[in-house]
Amino acid sequence: MSRPEPSRESDKLPPEAGIAELREGAQHCRDCPIGEMATQAVFGEGPSRASLMLVGEQPGDREDLAGRPFVGPSGRLLDRALEELGWPRDGLYLTNAVKHFKFMPRGKRRIHKTPAQQEIAICLQWLDRELDVVKPAAMVALGATAAKAITGQAISVMRQRGEWVVREDGIPVLITLHPSALLRGPPDQREAAFALWLKDLRHASRYIKPSP
Ligand code: URA
């Protein structure tokens, strides 16, 4: 008797698949419609045994073209924060809840569109596989989409920012804003908002290993 085809794209990969193999596998994922629109899947990057995993929502326009997470305007703000915190970017595992860029074409521009709950739920198969490999001691949820996706709970980011929420598997998740929320804020309040964001993020400093 022939075996049934695996119903999820990630199930086609062996349980011992590493990040490179998962990244390649995600390129073929059409389990939800977003994959068809995007240039490529943007998988997480960083050491495959990082103690801290930062999770955003989905790649943006720049990330979609570059194939790397957090390389556009939000990524630049994140880099500035990492520098001020003394967290080397290459010591962290950076990823997104959703691996493809969902957008609406408007003239020559591609405008970010929030992924639907079902699309997020389907895409979590890849984050689960990243977690199996990286086994972080803690995670940081950047924004509401990531917070809900990775904790499975309805989170109010503005009320719970700076707090830890423990996942069912025991991994603590620090809740904070997405960098794009800071970029959208009133320009005269941006530096104050940035300082508050750093204050939230600093709660996870204990998971950063000092450079040798
Ligand atoms: N926003 C995200 O959530 N992730 C990225 O990689 C870039 C922008």
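I looked up the ligand site first. The ligand takes up the space of the largest pocket; a molecule counts as sitting in a cavity or pocket if more than half of its atoms lie within 2 Å of its grid points. The model is a predicted one, with pLDDT of at least 70 needed for local features and 80 or more for side-chain atom pairs, while totals for chains, interfaces and linings use all residues. Residues are numbered from 1 along each chain as its sequence is written, and side-chain values use heavy atoms, with hydrogens and water left out.

Pocket. I used a 1 Å grid over the protein atoms alone: a cavity is a set of points where a 1.4 Å probe fits but cannot get out, a pocket is an open set with protein on both sides within 12 Å along at least five of seven lines, and lining residues have an atom within 4 Å of a point. I read a volume of about 800 Å³ for the largest pocket; a volume is the space filled by probe spheres set on the points, which are joined across faces, edges and corners. Its lining has 31 residues, and S74, H112, H178, S180 and R184 are the closest to the centre. Elements giving two or more residues to this lining include α3 (61-66), α4 (73-85) and α8 (179-184).

Ligand shell. I listed the residues near the ligand (a heavy atom within 4 Å) as G56, E57, Q58, P59, G60, E63, P69, F70, N96 and H178. By class, this shell has three nonpolar, five polar and two charged residues; Ala, Val, Leu, Ile, Met, Phe, Trp, Tyr, Cys and Pro count as nonpolar, Asp, Glu, Lys and Arg as charged, and the others, Gly among them, as polar.

Ligand atoms. I found a polar side-chain atom of H178 at 2.6 Å from a ligand oxygen. A ligand nitrogen is 2.7 Å from an N or O atom in the side chain of N96, and a ligand oxygen is 2.9 Å from a polar backbone atom of F70. The protein covers 93% of the 230 Å² of accessible area that the ligand has on its own (Shrake-Rupley method, 1.4 Å probe).

Cavity. I counted one cavity of 30 Å³ or more. The largest cavity holds about 60 Å³ of space. α5 gives its lining the largest share, four residues. The lining has seven nonpolar, two polar and two charged residues.

Conventions:
A polar contact is a pair of N or O atoms within 3.5 Å; within protein, one must be able to donate a hydrogen and the other to accept it, and residues adjacent in sequence count only if both atoms are side-chain atoms.
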